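Trainee: I would like to learn how to read a model of this kind, feature by feature. Could we take the general idea each time, and then the case at hand?

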Amino acid sequence: MIYEGKKRIWSDYQKEIPDDHWFFARSCIRQNFNPGAENTMLDIVRNKLGKDFYETKYHTTCGGIAYHSDVIPQETAMTIIARHFALMTEAGYKNMVVSCVTSFGLYSEILETWKEFPELKAKIQQNLWDACRKEFDTPEYLAHSSDIMYKYRYPMSEQAKYPLTNVHTGKPIRVVEHIGCHYAKMFPSKGVGGAEYPYVLSGLAEAFGGEIVDYPERRHCCGFGFRQYLVKANRGYSLSNTYKKFESMEPYKPDVIITNCPGCNYFLDRWQYVLSETNGKVYGENGYGIPVLSSEELAALVMGYDPWTIGLQMHQVAVEPLLDKMGIKYDPAKKYEGANGKQLPKPQAPTLLKCY
Amino acid sequence: MNNRNVVIIGGGPCGIEAAKTLAKLGHTAFLIEKEPHLGGHLAKWDRLFPYGQKADEVLNKITSGLENVKWFVDTQVTSINRIDKSYNVILGNGMSILADAVLLTTGFSLFPAEKKEEYGYGIYDRVITNADLEHYFAEGNDHRIQYPKKIGFVHCVGSRDEKAGNRQCSKVCCATAVKQACEIKEKFPNSTVYCFYMDLRMFGRNYEDMYLEAQKKYGIIFVRGRVSEVSEKQDGTLLIKAEDTLSGKPLRVSLDLLVLMAGMVQNSDTAKFAQMLSLNIPEDGFFQSKNYFTAPGVSSKKGVFYAGACTGPKTLPEAIAEGKSVALTIDEYLL
């Protein structure tokens, strides 16, 4: 591996990400899978870094999952997203950051389509006006939330309480970075570092002191693949993709997987349980799985947030082995404590995959 | 005899041949080469298809008889200005030539293989190009080539590739890949050699024979399908993903060495000379002849001529023949 070669490619795909004043669009699936991730990101940028991030309760799903599953046509997705642009316009913002990689890909696809086919944009403008009497400007800058984490990686690392170092060995934490397909594979120039060797998560992990693991199936799909999973008969195909990735990364003994996509995060996490039940194999050390975190969750851990406050108990694979390696202090008794102090029921343990 | 000054820009085989012919016709030929030596890409090649002739033998033959040519290496053209019917060509060495005709034989550049990021050139140690392999054959050393047991060739790297911005076929890569596959098999007889191709364009005399010999004598495995991506494994070997379009199946193979057949693209100086001479260049970046059939060496500007691969991918014999041919065209123009 020639690291200088990667740096040359990364230098070709750098984005000028604005520093402040963002309209924030949440992810519909992420709020259900890992609801703490978005709140944590907003807390970091607003309260730790003092940035202006605005959100509105009137924001809805972008329709991306329905669009990529062929349930709704493109014009419907365009009109939904045009409404989001209208909400941004009404709020007086010009920079938009979306929390979901599929949203980011779809927003990018729509903006590029409108550049090529302005008559289609005019039709959507009319659709939106007919539907809800709203008008919109397109964003001057569109970013994904992982771009924001990348942008602020050094200010965040200055506040690091637990850098990515294995406190037992003194060596860097070994990080597998997994980039959602819709981040840069459609438009390489819109991703930090491009599509083949993305830097957006590598740069973040490096800034925190971690070591990136490059393995043969790094580029491979996480296994979600929309219709691979959403069509029930295809789920074996979904699982086999995930299996391929874990078999490929296993020899490198990663300590953690970080992703920038809600779907990837979910499937790389949950399918470890299914693989353990179906194949009788666990890919992490000592019978545990490999923890899977979003970029925001990783940043929060590094900055000293309590793992249960940021919702890491919502992950299938136990995060405690990673917390122990990083030397993070946590109270095991609080893992399943509800917001009002009420003890929540403890999930049933899998057959093979060890949990705390 | 009407002795005139002709400046030939580009000292590859085509430019050399044109300069020698113009000198024989009684003109003063100024041959300008930016590199430290004449010969262009030929000077960097080891053997030539289809007969395996040594490149330096061919180059020596071409460069003999340059006594009557005023040639300059390591010399850039800094400007060209029209003065009446002539062109004032100013060189980087401070020299100024009032030329009655200017011939562009600027040739081609090899497609920068690192642009096909998915193949990992410049990222993975064991990914090399056709030019690197020729250098290895000529010099005998390359730290990336250590007794490889499984070797792959990827055809059409940066050719016939809309995404790379090059729709044209580079014409010589198929034959070069087959030649190099046989050569490396000779070098490492116990190796397994794969060629991943879209089409095999073995159009010239004896090219097809070379291809058949590659299969029968050398046992080269030809796979019709493009490589989709290359990754590096923990032991430094390469994992190749490709599609075998004949069997309709995806293919994964581990290799010790991957050779990318970088195609021909317009010379990196084409735009510079187009600007100096106010020449229009089409979308593909190559110079455009006035008429493909009847005036292949004539540009849209009076007194400016083209020959060789600056008007599109050419084989070496074609480039040499065009050099000779355009000399006659220029001679007729100068009468």
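Trainee: Leaving aside its neighbours within four places in sequence, which residues is A:Ile81 in contact with?

Mentor: Please keep in mind from the start that this is a predicted model. Once the neighbours within four places in sequence are set aside, A:Ile81 is in contact with A:Cys62, A:Leu106, A:Tyr107 and A:Ile110.

Trainee: Which residues have the most contacts inside the largest nonpolar core?

Mentor: The general idea is to follow buried nonpolar residues from one to the next through C-beta atoms within 7 Å. Here the largest nonpolar core has 99 residues, and those with the most contacts inside it are A:Ile81, A:Ala82, A:Val175, A:Leu204, A:Ala205, A:Val256 and A:Ile258. Helix α5 of chain A, residues 74–91, gives the most to this core, with 9 residues. Because domain 1 (17–145) and domain 2 (160–334) of chain A both give residues to this core, the core lies between them. There is also a second, separate core of 98 residues, which includes A:Tyr197, B:Leu104, B:Phe196 and B:Leu255.

Trainee: How many residues does each domain of chain A bring to the contact between them?

Mentor: Chain A is divided into domain 1 (17–145) and domain 2 (160–334), and the C-alpha centres of these two domains lie 25 Å apart. The contact takes 25 residues from domain 1 of chain A and 25 residues from domain 2 of chain A. On the side of domain 1 that touches domain 2, the elements of chain A that give two or more residues are α2 (30–33), α3 (35–48), α4 (64–68) and α6 (101–116).

Trainee: And how is chain B divided into domains?

Mentor: In chain B the assignment gives domain 1 as 5–107 + 267–334 and domain 2 as 113–264. The C-alpha centres of these domains of chain B lie 31 Å apart, and 12 residues of domain 1 of chain B are in contact with 20 residues of domain 2 of chain B.

Trainee: What does the radius of gyration say about chain A?

Mentor: The idea is to set the value beside what a rule gives for the chain length. Chain A has 16 helices and 8 strands; its radius of gyration is 20 Å, close to the 21 Å that the globule rule gives for 356 residues, so chain A is as compact as a globular protein of that length. Taken along the principal axes, the C-alpha atoms of chain A fill a box of roughly 60 × 50 × 50 Å. Of the 356 residues of chain A, 48% count as buried, and among contacts in chain A with a separation of 6 or more, residues 24 or more positions apart account for 77%.

Trainee: Is helix α15 of chain A mostly covered or mostly open?

Mentor: Helix α15 of chain A, residues 295–302, is mostly covered, since 8 of its 8 residues are buried. The buried residues of α15(A) include A:Glu296 and A:Glu297 as well as A:Leu298 and A:Leu301. Just after α15(A), A:Gly304 takes a positive phi of about 100 degrees.

Trainee: Which residues other than glycine have a positive phi, and are they buried or exposed?

Mentor: One of them is A:Asp70, with phi near 65 degrees, placed in the loop between α4 and α5 of chain A. A:Asp70 counts as exposed because it has 10 C-beta neighbours inside 10 Å, and the cut-off for exposed is 12 or fewer. Another is B:Lys171, where phi is near 75 degrees; B:Lys171 is found in the loop between β12 (150–157) and α4 (173–187) of chain B. With 20 C-beta neighbours inside 10 Å, B:Lys171 counts as buried.

Trainee: Where does B:Pro50 lie?

Mentor: B:Pro50 lies in the loop between β3 (47–48) and β4 (53–54) of chain B, and the peptide bond from B:Phe49 to B:Pro50 is cis, with omega near 0 degrees.

Trainee: In what order do the strands β15, β16 and β17 of chain B form their sheet?

Mentor: Strands of a sheet pair through backbone hydrogen bonds, either parallel or antiparallel. In this case 3 strands of chain B form an open sheet in the order β15-β16-β17, and the pairing is antiparallel. The edge strands are β15 (227–232) and β17 (249–255) of chain B, each of which pairs on one side only. Neighbouring strands of this sheet are turned by 20 degrees against each other on average, direction ignored. Strand β16 of chain B, residues 238–244, is joined to β17(B) by 7 bridges, and B:Asp244 stands opposite B:Lys249 in β17(B).

Key:
Residues numbered from 1 in each chain as written. Chains lettered and ligands numbered in written order. Predicted model: local features only at pLDDT ≥ 70, side-chain atom pairs only at ≥ 80, totals over all residues. Pairing = 2+ DSSP bridges. Helix = DSSP H or I, 4+ residues; strand = E, 2+ residues; numbered from the N terminus. Axes fitted to C-alpha atoms, helices over the stretch in contact; angles between N-to-C directions. Domains from an automatic or database assignment. Contact = placed C-beta atoms within 7 Å. Rg over C-alpha atoms; globule rule 2.2 N^0.38 Å.
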